[in-house]
Amino acid sequence: MSALRTIDPAGGAPMPLEQAVWAALEDVSDPEIPAISVVDLGVVRRVEVGPGRVLVELLPTFVGCPAVDLMRSAVEERLEGFASDVQAVISFAEPWTSERITPHGHKRLRESGFGPPAPAGRDEERLLPVLPVAPCPYCGSLDTSIENAFGPTLCRAIYHCAACRQPFEQFKTV
Amino acid sequence: MTATPERRTTRPLAEPDLPKFDVGDLDQATREALSGLLLTMADDEFVLGFWDSEWTGIAPMLEEDVAFSSLAQDEIGHARLLYEMIAQLRGGDADDLAFGRTADEYRHCHLLDHPRTDWAFSVARRWLYDTADAVRLSALRRSTFAPLAQIVEKIRREETYHLMHMDVWMRRLAEGGEPRQRLEAALDSLWPDALSVFASLPDEGHLIDAGVLAAPMSELADRQYQHLLTVLGSLRLSVPGPRPAWEGGRARAQPSESFRWLWGEFTMVHRLEEGAVW
């Protein structure tokens, strides 16, 4: 892999192709939450580079997510010119879970008023889940309650913080 | 006026994005049994999604407008994935499976033959369905057909929220007064179809032998039934009747009036403009 040609993205120092692809993907944001990149969201499962080709595997956050097609074309557009054959594909080889969001992604979510997903303590065989507590992104209080498990997009739930009396959206724990 | 419409404006999801599998690895009997099972699941999710979407704009509160629209979006997304998988198994096209069949060719469970009715009815129906779906998905998690096991692992994480939401609504409606009465009436009329998700499949024995499905439908129905009894008991709701005996399969001599109406709605665009994509 390291023998592959290096490129010079945006005039920066040349770097190996695979590394350059990952760096470029940092520029592609989630169409529904532009504050976070597809890399920080954990949607990029794998980058594979070969002679003349780049393959990016994306894990959809939700199966019915209408932004998936947009993400795929945004990734292909951003990587145009990196190889003659650039392809982004959707994969279900492993489920996307909210644990895939990076620490930097959590920070970005908080900064834009989203509660990051709580760690999923799940009992796999239970029919009903225990709702994780969502900390308020504004004041950090844990005195919050869920208003609606369904928000403006499939991946977001609506909470209310009793401490600072602020409603906020949480990126769902899945 | 115009030339033949473009068949596709977007790439179909299945090419090349579904978990890849080699149809040639499956013998003919397994392939047929598997696509039969997948069709029941896809039709369930698809039909339920369209019933959910009937609440968009008219749900009793704004939050539920959003919630039921999201539920619909989830279910139709799941159905799309399953139809793509069937299309790979059988050859053919997912859009044709979704929209190109006559009303009597759908294999959704009988629970989904009823109309939307009132809010309590929609909640009760969805709760019955979601309890069955949770049991069904857990019986497919370790399927030897890896592409199915993979998407089940994804789908069940989403369905968890559906069941949780319905559980909240069951508790809310059961608190008393008119909501409770309506809930009881809904459960009474739905009870005969409560376990209909687990109508036996003609070749389920083959699916179990092949390791595609973990247990027979009758056993899954038992699991669902036990869960229903537990929740009804905790809400002090009476069990509407004896354990429903589900002898029939999913095929019907005649589609129900309600389903025929819904079918007319969801196939309308496809019938008006052949080749339109979703």
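**Briefing: the chain A–chain B interface and selected contacts**

Chain A and chain B together bury about 3,200 Å², and 61% of that area is on carbon and sulfur atoms. The model is predicted. The contact draws on 34 residues of chain A and 35 residues of chain B.

**Interface of chain A and chain B**

- The size of an interface is often given as the accessible area lost when the parts come together.
- Between chain A and chain B there are 5 residue pairs in polar contact, with both residues at pLDDT 80 or more.
- The number of salt bridges found across this interface is 0.
- On the side of chain A that touches chain B, the elements giving two or more residues are α2 (68-78) and β5 (85-90) of chain A.
- β5(A) provides the largest share of that side, 4 residues.
- Sorted by class, the side of chain A that touches chain B comprises 19 nonpolar, 8 polar and 7 charged residues.

**Helix pair in chain B**

- Two packed helices are described by the angle between their axes and the distance between the axes.
- Helix α2 (residues 28-53) of chain B and helix α10 (residues 257-266) of chain B have axes that come within 11 Å and cross at roughly 85°.
- At that angle, α2(B) is roughly perpendicular to α10(B).
- From α2(B), the residues Phe46(B), Val47(B), Phe50(B) and Trp51(B) meet Ser258(B), Phe259(B), Trp261(B), Leu262(B) and Phe266(B) of α10(B).
- This contact of α2(B) with α10(B) has 8 nonpolar residues, 1 polar residue and no charged residues.

**Salt bridges**

- Over all chains, the structure holds 29 salt bridges.
- Arg108(A) pairs with Glu111(A) in a salt bridge whose closest N and O atoms are 3.4 Å apart.
- Both Arg108(A) and Glu111(A) belong to helix α3 (residues 103-111) of chain A, where they sit 3 residues apart, about one turn of the helix.

Terms used:
Residues numbered from 1 in each chain as written. Chains lettered and ligands numbered in written order. Predicted model: local features only at pLDDT ≥ 70, side-chain atom pairs only at ≥ 80, totals over all residues. Heavy atoms only, no water. Axes fitted to C-alpha atoms, helices over the stretch in contact; angles between N-to-C directions. Parallel < 35°, antiparallel > 145°, perpendicular 65-115°, else oblique. Contact = heavy atoms within 4.5 Å. Nonpolar A, V, L, I, M, F, W, Y, C, P; charged D, E, K, R; others polar. Buried area = accessible area lost by both parts, 1.4 Å probe. Salt bridge = Lys/Arg side-chain N within 4 Å of Asp/Glu carboxyl O. Polar contact = N/O pair within 3.5 Å; in protein donor to acceptor, adjacent residues only side chain to side chain.
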